[in-house]
Amino acid sequence: MTAQQPKPQPEVGPSRPAFAIWLGGTNEITRMFLAAGKVPGLINMAGGLPEPDTYPVKELAEIAERAVSKYPQDSLNYPPIEGLPDLRDRLAARFSNADLKLSRENVLVTSGGMQALDLIGKVLLNEGALIAAQSPTYLGAVDAWRPRRPSYRLFSPEKNDFDPVAALTGAQFAYTVPNFSNPTGRLVGLARRQELVDAAHQSGTWLVEDDPYGALYYDGTPLPRMITLSGAKQSGAIYDGPLVYMGTFSKEIAPGFRIGWVIASPEMIGALTIAKQGSDMCTSGLSQRVAVDALDAGLLERTLPVILDVYRHRRDALCAAMEEHLSQWFDWEKPVGGMFVWATAKNPAMDTDKLLSEALKAGVCVSPSSVFDPHGEDRRSIRINFTLNTPDRLAEGIRRLATAVKAIGLD
Ligand SMILES: Cc1ncc(COP(=O)(O)O)c(C=O)c1O
């Protein structure tokens, strides 16, 4: 008998360094519903996506062509970190009013609102810092700040016993989406806006006003921005207060643009600019140049009424379908604007993470409340988007959701 030859062993290299600890804290539900959005036949009511048919394709194509041929320096060079001066000036003028005096120094152009959230986290959060956040909280903000492993103090401005000074004091910053919050679609009323602004001035806490949906009012008159209420408390030549206002063209023109902005004190803009330098150095010059020319051409004023009509009609269609098929199990308020309806189960035993699994089997996708809770505990609500699908598809999506609710087997 010959001795058996040892099997050749696969070559074992040195073990690789582990990924950073914060990556372990991300939630699987987010990945699940992002992947689900691409399944054929599935009705995706989970995202916050605009209707692509509303994009002003022809006008944008002409503006982009002209931007490259007429302004090659702006479009094709590295623009300044803070943004093209022309765009900063246009944004300063757009948001200035009798109470709020803005100049170019108050404006930073960002690569979408998401980058503004990331930069705010970079300049204000040390490891484990405290954030005061409007509850429930935009999932993208929670994701952006996760690497700093912050702790959260959650507050609800709609509650009768809301105490803004207690909510803000001691936090690095407070985060709010006062116009049609993502995820709830709620408005923060004027009195609460004023109280939050007063509390920011009193406590010294930065107050972040994230406003992607401020133009999407379907009924009623828009409420004043908190940064304007803050400007009214100041007498300086330009705004120097504690509000950090964020905007974006994603919901009014098109998200592929990746143009967002921050309006804040020059001190805050300076800090964010340093963070942006180490992040992407600058936002696309082509997108910025197109944005300047689109603003000058009055594109927003022309397209907004069309978008509002489409979305108002879809909101009404969604709420009618919910009334017919979901009212036995859920409560909700019809939102005055924005992109979402937030529905809360009457039965506290509802687990909307489980409902999502059943919904996917039934061919529809909505967002469960756990992803909008920085502590991951809220399992009773769902966020339903109404801007991406036609009224017929929305009605079919809600019928499928009702099938999923029945499969859960709760009263
Ligand atoms: C509340 C809120 N903030 C910020 C963003 C980021 O928008 P964008 O990066 O497309 O400008 C979104 C997008 O849905 C949002 O809902």
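Entry 1, the ligand shell. For sorting residues I count Ala, Val, Leu, Ile, Met, Phe, Trp, Tyr, Cys and Pro as nonpolar, Asp, Glu, Lys and Arg as charged, and the others, Gly among them, as polar. I note that I am working from a predicted model. I looked up what surrounds the ligand and found 14 residues. Gly112, Gly113, Met114, Thr248 and Ser250 are the closest. By class, I get five nonpolar residues, eight polar and one charged in this shell. Helix α5, residues 112–124, gives the most to the shell, with three residues.

I looked up how the chain is divided and found two stretches, 22–48 and 301–408, listed for domain 1, and 73–297 for domain 2. Taken over C-alpha atoms, the centres of domain 1 and domain 2 are 26 Å apart. Into the contact go 27 residues from domain 1 and 24 residues from domain 2. On the domain 1 side, α12 (299–325) and β10 (340–345) each supply at least two residues. The most comes from α12, with five residues. I sorted the residues of domain 1 that touch domain 2 and got 13 nonpolar, nine polar and five charged.

I then turned to helix α13 (residues 352–362) and helix α14 (residues 391–408), which pack with their axes 8 Å apart. How are they angled to each other? The angle is about 130°, and α13 and α14 are therefore oblique to each other. I recorded the crossing of α13 past α14 as right-handed. From α13, the residues that meet α14 are Lys354, Leu355, Glu358, Ala359 and Ala362. Their partners in α14 are Arg400, Leu401, Thr403, Ala404, Val405, Ala407 and Ile408. I count eight nonpolar residues, one polar and three charged in this contact.

Most peptide bonds are trans, and most residues other than glycine have a negative phi. I looked for departures from this. The bond that joins serine 135 and proline 136 is cis, with omega about -10°. I placed proline 136 in the loop between β3 (130–134) and α6 (139–145). Another cis bond runs from asparagine 182 to proline 183, with omega near 25°. Proline 183 is in the loop between β5 (173–176) and α8 (190–203). Which residue has a positive phi although it is not a glycine? I found phenylalanine 180, with phi about 55°. Phenylalanine 180 also sits in the loop between β5 and α8, where I had placed proline 183.

Note on methods. Residues are numbered from 1 along each chain as its sequence is written. This is a predicted model: local features need pLDDT of at least 70, side-chain atom pairs count only at pLDDT 80 or more; totals for chains, interfaces and linings use all residues. Domain bounds come from an automatic or database domain assignment. Two residues are in contact if their C-beta atoms, placed from the backbone, lie within 7 Å. Helices (H or I, at least four residues) and strands (E, at least two) are DSSP runs, numbered from the N terminus. A residue is near a molecule or strand if its C-beta atom, placed from the backbone, lies within 6 Å of it. Axes are lines fitted to C-alpha atoms, for helices over the stretch in contact, and angles run from 0 to 180 degrees between N-to-C directions. Angles under 35 degrees count as roughly parallel, over 145 as roughly antiparallel, 65 to 115 as roughly perpendicular and the rest as oblique. A crossing is left-handed if the near helix is turned anticlockwise from the far one by less than a right angle, and right-handed if clockwise.
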